[in-house]
Amino acid sequence: MEENFEEKKKVHNGGGGGEASVMGRNAIGVVTDDDNQQKIDYMYKIIVIGDSAVGKTQTLSRFVKNEFCFDSKSTIGVEFQTRTITINDKVIKAQIWDTAGQERYRAVTSAYYRGALGAMLVYDITKRQSFDNIARWVDEILTHADKSIVIMLIGNKADLSDRREVPTEDAVEYAQQKGLFFSETSALKGDNVESAFFKVLEEIYGVVSKKALLSNYSGNNKENRTIAGPKGGVVLNGSKIDVISGADMEISEFKTVSPCSSC
């Protein structure tokens, strides 16, 4: 799998001068100069959600720019960043939305669940309440997003294991019950951030490919549109997503990038 660490520039709603704009009063995005030069086969929308101050923005920044900003401020409203990778010789542009965890912004961010193919559901291993609230976030995902959305449960701040309030076993058990992927990450050190995002993107690619296959099969076999069962059928609904523990995930080597410029 190849990846492209991209130079970013912020784009505000209504921006002119050739810059892209983002609909929504509280939406801020970043685009790349490479976007108009590279052929994109697919664009996948992923949301990063969870309580406030669990490290959502830092996790996203680590994946997109390999940066960690110690003076990061709480996200206001919604913002997104992009990163381009290659899966099976297909160029995938991940558009990753960072949704604010503060309760007063829930009405704003709820609209951004729509169209999301993946979700990074983040809690802080040093804050039990952030894990206890995971069930509510899962309910929101299932209410507002597509039922086939790929969900990765992330226990962030694994570098603070001496302050742990959420045992890994609790998260693994919950992920197994709900059929989620799971990993413990450290946005500070970069541990497992790459592999967690890549796993979600690979699973999305698989789901999208299966849906395309199903659609083509149905179109070419009008007399038999139902595909199910073990005899060569493709079954999408009701399939359980495997659980992946952080300890079993490969940590990708990062490319060298410039120091943090903005947060």
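This is a predicted model: local features need pLDDT of at least 70, side-chain atom pairs count only at pLDDT 80 or more; totals for chains, interfaces and linings use all residues.

Biologist: OK, rings then. How many aromatic pairs does the structure hold?
Modeller: There are 7 aromatic pairs. In one of them, the ring centres of Phe63 and Phe198 are 5.9 Å apart with the planes at 80°, so that pair is edge-to-face.

Biologist: Where do those two sit in the chain?
Modeller: Phe63 is in helix α1 and Phe198 is in helix α6 (residues 193–220), so to speak distant parts of the chain, 135 residues apart.

Biologist: And is Phe63 buried or exposed?
Modeller: Phe63 is buried, because its relative accessible area is 0% and the cut-off is under 20%. Phe198 is buried as well, at 8%.

Biologist: What about Phe80 and Trp97, how are their rings arranged?
Modeller: Their centres are 4.6 Å apart and the planes are at 40°, so the pair counts as tilted. Phe80 belongs to strand β5 and Trp97 to strand β6, 17 residues apart. Both Phe80 and Trp97 are buried.

Biologist: Which charged end sits over the ring of Trp97?
Modeller: That of Lys45, 5.2 Å from the ring centre. Arg136 does likewise with Trp137, its charged end being 4.6 Å from the centre of that ring.

Biologist: Which residues do ring pairs link into a cluster?
Modeller: Tyr42, Tyr44 and Tyr205.

Biologist: Switching to strands. How many residues of β7 are buried?
Modeller: 7 of the 7, residues 118–124, so β7 is largely enclosed by the rest of the structure. Gly118, Met120, Val122 and Asp124 are on one side, with Ala119, Leu121 and Tyr123 on the other, and both faces are covered.

Biologist: Which strands does β7 pair with?
Modeller: Strand β4 (residues 42–50) pairs with β7 in the parallel sense over 5 bridges, and Ile47 has Ala119 as its bridge partner there. Strand β8 (residues 150–156) is also parallel to β7, over 7 bridges.

Biologist: Last topic, backbone. What is phi for Asn66?
Modeller: Near 55°, a positive value in a residue other than glycine. Most residues other than glycine have a negative phi. Asn66 is in the loop between α1 (56–65) and β5 (78–87), and it is buried at 13% relative accessible area.

Biologist: And Asp89, buried or exposed?
Modeller: Exposed, with a relative accessible area of 73%. Asp89 has a positive phi too, about 65°, and lies in the loop between β5 and β6 (90–99).

Technical notes. Residues are numbered from 1 along each chain as its sequence is written. Side-chain values use heavy atoms; hydrogens and water are left out. Helices (H or I, at least four residues) and strands (E, at least two) are DSSP runs, numbered from the N terminus. Buried means under 20% relative accessible area, exposed over 50%, partly exposed in between (1.4 Å probe, protein chains only). Two strands pair if DSSP finds at least two bridges between them. Rings of Phe, Tyr and Trp (its six-membered ring) pair if their centres lie within 6.5 Å; planes under 30 degrees apart count as stacked, over 60 as edge-to-face and the rest as tilted. A charge sits over a ring if NZ of Lys or CZ of Arg is within 6 Å of the ring centre and within 35 degrees of the ring normal.
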